[in-house]
Amino acid sequence: MADLRALFSSNDPSSFDVAEAFTDRHSQWVLVAAALEEHLRRIAGPSFDVEDLEAPRSNVIVFHGVGGVGKSTLLRKIEAALTAAEHRPEQWGAPTWTDRVLPIRIDLSRAASTGSDFERVILTIRLALAGALGRPMPSFDVALRNYWEHVHPGEPLDEYIRRSGLAGKFAEMLPQQLQAGVGEVAAALALPGLVGSAAGQLTSALVNALRERHERAQALAGATRTAALLEATPDLEALSYYPHLLAWDLSRLPAKKRIVPVVLLDTFEDTADRHRDFERLLQRLVWLMPGTFFVIGGRSRLPWADPALHGQLDWTGPAAWPGLAAPSASLAVPQPRAAGSGARQYLIGDLSPEDCETHLGRRLVQDGQPLIGADIRAAITARSHGLPLHLDLAVSRFLEIRRTGRTPTPADFDCTFPALLARTLSDLTPEERHLLRSVALLDAFDLDLATRTAGLAQQAPARRLVERPLVNENPYALWPYHLHRAIRSAVRDDDHSDDRWTPADWNQAATRALAALGDQWTRATALGPSRMLLVACLRQGLRLAREHRLSDLGWLTAAAHAYTDDSVWEPLSLPTDSSSDPAPDTPADALAELLTTIARRQHEHRQRTADRLTAVLDSGLLPAELTEMGLYYRAKAYKDLSHNQAARAGMQQVAEAGGRYAPRARRGLANLARLAGDFPTALAAVPTLGWQGRQHRVLGDIRWSQADTDQAVAAFEAGRAEAEQHGAPGERAMMQVRLALAVSFADPDRADDELALAHQLLDGLDQRSNTLLAQVVALIKDAGTSGVTDRAQSLNAEIEAAGLPFLHRFVELALAFHHAVRGEDQGLAATIDRLRALTATGDFAYFTDIAHFMGALPLPGPSTIRWTTSEDDVRSSWRGLVQARQEHLLAGN
C-alpha cells in the first residue's frame with residue numbers, strides 16, 4: 001500500500017518507491033508459533049480430555065502494550081499467516097505443524113461493555129466453523145437454538161446476523177446447520193416429528209434420552225454435562241457455558257475433518273466494565289474450550305493469574321493460569337530463544353532496533369536499496385525508543401530536508417518532533433497536560449507521586465492520565481507507571497506549545513517532586529527499612545537535584561547515610577559530567593559524585609576511589625556530615641592501598657569529630673592497630689565500639705589471627721546475628737565470609753557449608769573485596785590438595801585488577817598453610833619471602849610470623865608483633881592446625 005503523504009512530498013516521486021512497511025514482529029510470531037505448536041502437541045496426546053475442567057489452562061497467549069503501536073496489525077497479520085502461506089511474511093518462516101487450524105479474529109472494540117455482546121463472540125466463532133466444516137455441531141446447536149427461541153422470540157437467527165453486521169459468506173449456512181443439527185438429534189432419538197417442533201420440546205426429549213442413557217443420544221450429544229446444561233434456563237449465563245458443548249463437538253469430529261480453532265480477541269481493553277461481567281464470560285469461553293487456542297491483544301496485562309480477582313472471575317490464580325503468572329522479567333518481549341519458557345504474556349509496543357531498521361529500510365527505496373542511509377537509520381532508531389509514530393515523523397523530516405536540496409545527516413535526527421507532542425497533547429485536558437509535564441520529570445511514578453509533583457489536591461486527574469496509552473504500566477515495579485521514553489523526551493524538550501513551561505515552572509515542579517520522593521521514603525522508613533525504595537528514591541532524587549540545581553539537599557543527606565549503612569552498593573546509575581567538567585559545582589553534584597564513587601569502588605582500583613573522593617572533598621560543597629562520610633571512605637581506600645599513615649590520619653580526624661562516622665573510624669583505628677601487629681591495643685578498643693563500630697567483627701579478626709578458632713567463630717556468629725537483628729544484609733554477608741575464613745583452617749568440611757552460605761548472602765550485594773576473600777577461603781579449606789597453587793596465581797591476577805593489594809597477603813597466607821600441610825619446605829620458604837616483601841611496611845607483618853609458625857620454623861629475629869597471649873601459645877596453635885589438616889587428609893585417603 002502506498003504512503004500517499006510521502007508520495008506527494010516530492011516533484012519526482014518516480015525516483016524512489018514509497019510504501020507502508022509492516023514491521024516483521026518476528027519475535028512475536030515465534031512466540032505464537034511455539035505456543036501453538038505446543039498446544040497442538042498437548043491436545044493430541046492421550047491424556048488430554050476436553051471435559052477436564054480442573055486442569056490448568058495454557059491455551060492462551062497475550063500481547064499487551066500502549067495503544068497505536070500495532071497490536072491490531074499484529075493480530076491481523078497472524079490471522080492472515082494462519083489462513084494461507086502466501087499471506088505470511090517470508091521472514092517469519094513456515095510453521096512446523098501439519099494440523100489444520102482455523103483463525104477467527106474478533107474485534108472486541110465493537111462490543112459495548114454489556115454482557116449481551118457475548119452473543120456476537122459466540123456467533124462469530126460458530127459462523128467461522130460453519131464455513132470451515134460445513135456440518136452441524138449437534139450438542140451445541142441444539143442448545144443454541146433453544147437459547148435463541150427463548151431470548152429472541154420471533155426473531156430469525158439469519159435476520160439477526162445480517163442486522164448485527166455479522167453477515168458474510170457463511171451467514172446463510174449457520175441457520176441451515178442448526179436445522180440439520182436438530183434433524184440429527186431427532187433422528188438419533190427416533191422422533192422425526194420433533195424436527196419442526198419448538199426447540200424446547202426437542203431439548204427436553206434429548207435430556208430425557210441422555211438421563212436414560214439412550215445409546216444413540218449418548219453417541220451424538222454425550223458430554224457428561226450436556227443434560228445439565230440443556231436443563232438450565234436458557235439465558236446469557238447458560239450461553240456462557242455452552243462453549244463446553246462446542247468443545248466436545250469439535251473433539252468428536254472424524255480425523256479427516258479435525259480442525260483446531262485459533263481465536264484472536266483484539267482490543268481486549270474494550271471489554272472493561274466495573275464488575276468484569278463481559279470479561280467473566282470471555283474467560284469462561286477460554287476455559288471451557290481447552291482444545292481451542294486463544295491469542296489476546298490489549299493495552300493491559302491479563303490479570304487472571306492474580307488471586308486478588310477471586311470472586312470476580314471464575315478461575316483465578318497462578319495454579320489455574322500458570323503462563324499468565326510469569327515474573328516481571330518476562331513481561332518484555334523476549335528473544336526467540338526464550339519462546340519455550342512457558343510464559344504466555346508479553347509486552348509489545350516499542351519496536352526492537354532490528355524492527356525499526358527494517359521499517360525505515362522499507363519505507364523509502366531507490367533502485368532496490370533503502371533511500372535512508374544506515375547511519376541515519378541508526379540515529380532515528382536510537383532517538384525513537386521504538387515508537388512507530390516517531391519513525392514516521394522522521395521519514396517525513398528526511399523527505400523535507402531532501403526537498404530543500406540538502407543531504408540529510410544523522411545530526412538532523414537528534415531531535416524530538418513537535419508534531420509528536422502535539423498529537424500527544426491534543427486530547428488531554430489542561431489538568432492532564434499539567435500532569436504530563438510534571439511526571440515527565442520522573443523516571444517512574446505512582447498516583448501519589450504524580451499528584452504531589454503536579455501540586456494537585458486530588459488523585460483523580462492522575463488516575464485518568466495513567467489510563468491513557470502514553471503511560472506504560474508495570475504492575476510489579478515499585479512505581480508502576482512511566483511515560484513512554486520518546487514522549488517523555490518530547491515533553492521535556494518542548495519549546496513550541498502555547499502552554500509550554502518556563503524554567504521557573506520546571507524548577508518548581510522539580511522541587512515538589514524531590515519533596516514528594518523524600519516523604520515517600522521517610523514514611524516507608526518509619527514502618528520498616530526498604531532498600532529497594534531507598535535506592536529508587538536516591539536515583540530519582542539525586543538526578544532531579546542535579547539537573548535543576550536544587551540547593552537544599554534535605555532528605556537526600558539522611559538517605560545517603562542509609563545507603564552506605566548496609567554495605568550493599570547497588571549502582572545508582574546517575575549520568576556523569578566527567579567528559580566536560582569533572583569538578584562538581586553544586587552540593588547535589590558533590591553528593592552524587594560521593595555516593596557513586598563509594599559504590600563504584602567495588603569495580604574500580606582503590607587509587608581511583610581515593611582520587612575521586614579527594615576531588616569531592618576539595619570542592620568544599622559537601623555539608624559537614626557528608627564531609628565526614630567522604631573522609632571515612634577515603635581513609636578506607638587508603639587502608640586497602642596499604643597507605644596506612646594516610647588511613648590512620650583520616651580515621652583519627654573522623655573519630656575526633658565525634659559525628660555519625662566516629663564509631664566506624666574508631667573501628668578503623670582498631671583495625672589499623674591490628675594490621676600493625678598491636679593486638680592488645682586493638683582488643684582494648686573492642687568494648688568501646690558497639691554495633692555501630694562492628695565490635696564483633698573486630699574481635700573475630702583478632703581471634704582468628706591468633707588461631708583461636710572457637711572464639712573467632714563465636715564472635716563472627718554473634719556479629720552475624722546482630723546484623724540480622726538490624727536488617728543489615730551487607731554486614732551479615734561480611735560476617736559470614738569471616739566465619740568461613742576462621743573455620744577454613746580448622747574444619748574444611750564445615751567450611752564447605754559456611755562458604756556456600758557466604759556466597760548465597762553475597763549474591764546481589766556487589767561486595768568485591770569480600771567476594772575475593774571468599775575465594776581465598778576456598779583455597780584455605782582445600783589446602784594440601786592439588787591445584788591450589790594454580791588457583792592462587794589466578795586469584796592474584798583478579799586482586800591486582802580490583803586494586804585491592806591487601807588481599808595478596810591473604811593469598812600468600814593460604815599458600816603458606818598449603819605448603820606447610822604438604823611439607824613443601826621450598827614452597828613455604830618462597831611464600832615467606834613474598835610475604836616479607838608484601839609486609840615490609842609493617843602492616844600484616846604478623847602474617848609472616850604465622851607462616852613461620854605453620855612450618856615450625858624459627859623466626860629470623862625478634863618479632864615486633866604484640867600478641868594477646870604468649871608467642872609460644874600462638875605458634876603452638878597455628879602448628880596444631882597444620883597437623884590437624886595433615887591427619888584429616890590421611891584419614892580421607
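Buried here means under 20% relative accessible area, while partly exposed falls between that and 50%. With this cut-off in hand, Arg543 counts as buried because its relative accessibility is 8%. The close-ups below all come from a predicted model.

**View A. Arg543 and Glu547 pair up within helix α23.** Arg543 forms a salt bridge with Glu547, and their closest N and O atoms are 3.1 Å apart. Both residues belong to helix α23 (residues 531–547), where they sit four residues apart, about one turn of the helix.

**View B. Arg543 and Glu547 belong to a salt-bridge network.** Across the whole structure, a search finds 44 salt bridges.

**View C. A salt bridge joins Glu38 to Arg344.** The two side chains meet at 3.0 Å, N to O. Glu38 lies in helix α2 (residues 26–43) and Arg344 in the loop between β5 (293–298) and β6 (345–347), so this pair ties together parts that are 306 residues apart in sequence. Glu38 is partly exposed, at a relative accessible area of 29%, whereas Arg344 is buried, at 3%.

**View D. Glu432 and Arg464 bridge helices α18 and α20.** Here is another salt bridge for you to look at, with the side chains of Glu432 and Arg464 meeting at 3.3 Å, N to O. The pair links distant parts of the chain, 32 residues apart: Glu432 is in helix α18 (residues 430–439) and Arg464 in helix α20 (residues 460–466). In this pair the glutamate, Glu432, is buried, with a relative accessible area of 2%. Arg464 counts as partly exposed at 31% relative accessibility.

**View E. Helices α34 and α35 pack roughly antiparallel.** The axes of α34 (residues 748–762) and α35 (residues 768–781) come within 10 Å and cross at roughly 165°. An angle over 145 degrees counts as roughly antiparallel, which is why α34 is described that way relative to α35. The crossing of α34 past α35 is left-handed. On the α34 side, the contact is made by Pro748, Ala751, Asp752, Leu755, His759 and Leu762; α35 contributes Asn770, Thr771, Ala774, Val777, Ala778 and Lys781. Seven of the contact residues are nonpolar, three are polar and two are charged.

Conventions. Residues are numbered from 1 along each chain as its sequence is written. This is a predicted model: local features need pLDDT of at least 70, side-chain atom pairs count only at pLDDT 80 or more; totals for chains, interfaces and linings use all residues. Side-chain values use heavy atoms; hydrogens and water are left out. Axes are lines fitted to C-alpha atoms, for helices over the stretch in contact, and angles run from 0 to 180 degrees between N-to-C directions. Helices (H or I, at least four residues) and strands (E, at least two) are DSSP runs, numbered from the N terminus. Angles under 35 degrees count as roughly parallel, over 145 as roughly antiparallel, 65 to 115 as roughly perpendicular and the rest as oblique. A crossing is left-handed if the near helix is turned anticlockwise from the far one by less than a right angle, and right-handed if clockwise. Contact means heavy atoms within 4.5 Å. Ala, Val, Leu, Ile, Met, Phe, Trp, Tyr, Cys and Pro count as nonpolar, Asp, Glu, Lys and Arg as charged, and the others, Gly among them, as polar. A salt bridge is a side-chain nitrogen of Lys or Arg within 4 Å of a carboxyl oxygen of Asp or Glu. Buried means under 20% relative accessible area, exposed over 50%, partly exposed in between (1.4 Å probe, protein chains only).
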